[in-house]
Amino acid sequence: MNAHTIAVTVVGGYLGAGKTTLVNHVLRSSDERIAVIVNDFGEISIDEDLIVAADSDKLTLANGCICCTLADGFAAALMQIRSAGTLPERLLIEASGVADPTQIAAYGHTPGLRLDAVVVMADAEQVRRQANDRWVADTVRMQLTAADLLVVNKIDLLDDSREADDLCDWLAGLSPGAAVVRASRAAVPIDVLLGPRSASDAADTREPPTPGGAAASRWHVVEDLFESQTAVLDAPVPMPVIEALLADLPDGVARLKGLVQAVPAASADDSSGTDAADATACLVEAVGRRTSMTPHATDPTQPPPRWAVSLISHKGSLPPTWLARRLHEPK
Amino acid sequence: MTAARSGRNDENEPFVIYPARRVITVNPAFPFGEAVAVSGDRILGVGSTDELASWGKHRIDDCFANHVIMPGFIEAHCHVMSGGLWNSTYVGYFDRRDPQGLLWPGCTSIDDVLERLGKAAADMTDDSQTLLAWGLDPIYFPGERLVARHLDTVTGDRPTLILHASGHLATINSALMDRCGIDETATSPGVARGGDGLPNGELHEPAGMMLAGEAFADMMKANRSEQARWRYANEARNAGHTLLTDLGTTQLWDPDQLNNWKKVTSDPTYPARVMVAMSNLFGATADPAELAELCVKLKSEQTDKLRFGIVKLILDGSIQGFTARISWPHYYKPPPGHIGNGMWLTAPDQMADLVEPYHRAGLTVHCHCNGDEATEAFVEAVEQVLERYPRWDHRHTVQHCQLTTPDQYRRMAALGMCANIFSNHIYYWGDQHRDVTVGPERAARMDACGTALASGVSFSIHSDSPITPLGHLHTAWCAVNRVTASGEVLGPDERIGVPDALRAITIEAARQIKMDAEIGSIEAGKLADFAVLEDDPLSVDPMALRDIGVWGTVLGGVLQPAQISDA
Ligand SMILES: [Zn+2]
Ligand SMILES: [Zn+2]
């Protein structure tokens with residue numbers, strides 16, 4: 001990932017689904033420098049303890065970034081954010097309750113920005129009714145379809161887990177490819193929302209590599225609903241292996257992120273497996289059906305990064321060594 | 001009344017009697033006069049010259065002896081961009097007169113567009129400047145698409161940007177693409193590609209258009225200049241208008257924009273009154289209750305020429321852009337990939353809560369509703385708010401009202417709502433509505449002035465300038481004749497008579513912005529705001545209504561001759 005690009009997370013979903021709660025949760029829980037763009041201050045209330053100063057057209061946030069509106073268009077908002085001093089690492093854009101998140105996500109292709117994910121919130125109690133409403137049925141369905149990560153919020157308001165399972169199945173059917181995650185009070189683990197903090201952080205916590213360059217794996221529970229695993233890679237990985245991994249992620253996977261040395265298929269047979277001259281450093285990412293593999297600029301004056309891929313999945317959906325096996329022993 | 005008026009206070013100052021070919025008062029109790037008397041900025045009376053002379057010391061001015069005097073036209077739906085866009089070169093399909101009075105013939109082919117741009121590029125002396133143009137509407141060039149490579153042939157190295165009439169698209173040339181780094185690596189879905197897979201210069205929606213950087217931003221900035229505000233009023237005066245609305249394009253909480261309005265309108269030569277709506281259309285710093293409070297405060301400080309008290313909301317998109325909310329069976333022949341219905345710009349179930357604070361503050365809410373689903377949502381919201389907070393004479397107005405159904409008109413009448421009908425659409429897009437957007441049956445009942453009249457709904461008609469050209473004689477012509485650009489009559493049963501159309505562009509427009517006590521008809525005591533016409537709209541063939549020449553206006557007793565550059 002280019003150090004100067006700002007990751008963009010779009011937060012969409014119909015009125016009352018919990019977008020504002022999610023934005024506050026992210027600001028509170030993430031240690032990233034996050035700027036926020038909202039449609040309208042009338043629609044959002046950033047929690048007061050997260051604000052250090054309020055201006056007529058922007059809020060200065062405790063994290064050193066700002067929250068501003070789309071009042072003068074996206075370009076003006078971006079300019080405000082860039083001139084606010086500390087450049088953010090991430091930009092959260094809260095779409096209006098009727099907006100098409102796909103259209104908002106188009107801003108993520110502005111030079112200097114990188115679209116990370118479209119998060120769409122659904123109100124567990126209301127979404128079925130809304131998706132059949134005389135006026136907004138098509139709007140709500142269009143929003144759900146746009147999701148990379150579909151957060152089924154207020155899940156605790158449902159009667160039982162069967163009802164929750166039914167709802168999530170129904171939503172998964174409406175939004176093929178989206179990672180469907182459950183939450184109450186929008187408390188989705190931050191790594192699921194924004195991705196593992198960074199691949200190198202994940203690599204720092206690895207266990208010592210096993211002899212012979214085999215991938216090591218680590219296993220722990222993120223929170224009640226999720227668990228993560230990290231595959232540490234001591235050798236380049238053939239491109240087709242990465243492509244196959246991204247093309248065919250199991251349903252339980254909410255997020256995947258990592259830095260790999262990718263080599264063309266031909267050199268994969270090289271038994272040494274460490275022919276770094278042939279290798280390209282790549283950032284691989286997946287959230288829901290949105291996957292990407294982008295060249296990663298390495299600084300030759302710095303020690304090489306840790307090569308590792310992390311994955312967050314629904315608890316119990318994957319064996320703990322699944323990722324390591326996929327990356328190391330392709331079928 | 002907010003400001004002291006000169007009126008008849010100064011007995012020594014003679015009042016002026018303007019004899020005319022005819023004075024059409026739009027006052028049913030006294031429909032016509034031979035002359036009108038003006039004292040200071042107000043109408044002393046209308047009648048015969050002798051009757052008026054009996055008021056006392058006067059002077060007779062015969063300058064309008066051959067003209068027809070009407071109440072000044074009131075445009076209850078237009079936008080200040082109407083003045084700002086003239087900073088750029090006009091390349092629209094229809095003839096259009098600029099605020100200096102110069103006629104720009106329509107560009108009816110892609111070659112016409114290129115020729116106009118080539119000439120504009122050749123006329124530019126500063127090499128660093130970007131050529132900006134506006135008004136392109138590809139709907140009139142089916143089958144052919146103007147793209148960067150066409151532009152390159154006439155603009156060369158000069159960066160060029162054309163803003164389309166819809167406002168949702170821009171087309172730029174290769175020089176501007178180079179400057180902005182738009183190439184085959186572009187990932188934005190807002191960058192359109194040609195058959196060869198390369199960006200073709202078309203940028204879609206704000207996310208795409210912003211990639212054109214300063215060129216696009218400059219065009220938007222021009223709308224906030226003082227010059228834009230002057231041109232806006234000059235164009236109005238040239239068409240016989242004495243009051244304009246700026247319906248949701250000014251951010252009134254921004255002191256710069258507000259002061260800009262105060263500055264221009266306080267110039268005694270500024271040739272129009274302006275009603276600036278409060279709006280949260282493009283985002284706001286406050287919740288509706290705060291905006292309502294601000295609007296009430298501004299209203300208490302308003303002047304004769306700068307008025308407040310109305311609020312603009314918006315529910316859906318446009319019919320020709322296939323983004324208006326239309327009930328089943330929705331669109332007739334939408335483009336491939338269309339999702340079936342239009343889009344909401346405000347959640348319909350939020351509408352009542354949004355209307356409530358303005359309603360309670362005594363303001364009048366004007367809501368953009370192109371499709372009938374949008375009208376339904378607004379009418380329901382007003383119904384709910386009225387149940388919570390009954391209020392008489394609110395005059396909440398459905399703006400555009402293009403597909404409003406007869407049952408909706410009946411409900412509007414029962415609720416005391418007004419309609420502002422987009423009659424110009426019949427001419428400019430009527431053929432497309434019949435053939436493409438909604439089909440023949442619903443196109444025939446679009447912009448239904450006849451139904452509004454029969455239902456007892458007070459209605460005005462509008463241009464939505466800059467969307468279509470400002471000029472109430474043309475707008476009235478559309479409502480009276482319902483003739484499309486191809487010359488067909490669309491929905492003859494919704495036509496209205498000329499007298500009703502004249503009411504719609506004067507007193508009824510004044511009524512929905514709550515200024516009918518002051519303007520909108522020629523009656524003793526009202527402000528002396530007149531449209532001065534070269535012919536009599538009640539005597540000419542209705543098909544000639546739009547061809548009547550406009551001498552200019554009288555605004556608060558001050559003569560404002562039109563500026564027409566070409567005879
Ligand atoms: Zn509108
Ligand atoms: Zn408008």
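Arg134(A) and Glu380(B) form a salt bridge, with 2.9 Å between their closest N and O atoms; the term stands for a side-chain nitrogen of Lys or Arg within 4 Å of a carboxyl oxygen of Asp or Glu. This is a predicted model, in which local features need pLDDT of at least 70, side-chain atom pairs count only at pLDDT 80 or more, and totals for chains, interfaces and linings use all residues. Residues are numbered from 1 along each chain as its sequence is written, chains are lettered from A and ligands numbered from 1 in the order in which they are written, and side-chain values use heavy atoms, without hydrogens and water.

| Item | Value |
|---|---|
| Salt bridges, chain B and chain A | 2 |
| Residues in contact (heavy atoms within 4.5 Å), chain B | 30 residues |
| Residues in contact, chain A | 27 residues |

On the side of chain B that touches chain A, helices H6 (205-209) and H12 (372-388), as DSSP runs of H or I with at least four residues, each supply at least two residues. H12(B) gives the most, 4 residues.

The zinc ion (ligand 1) is coordinated by ND1 of His368(B) and NE2 of His400(B) at 2.0 to 2.1 Å; donors are N, O and S atoms within 2.8 Å of the metal (3.2 Å for Na, K and Ca), and water is not among the atoms, so the site may look incomplete. His368(B) lies in strand S20 (residues 364-369) and His400(B) in strand S21 (residues 397-400) of chain B, 32 residues apart; strands are E runs of at least two residues. Both His368(B) and His400(B) are buried, meaning under 20% relative accessible area with a 1.4 Å probe, protein chains only.

Notes
Buried < 20%, exposed > 50% of the residue type's maximum accessible area, 1.4 Å probe, protein only.
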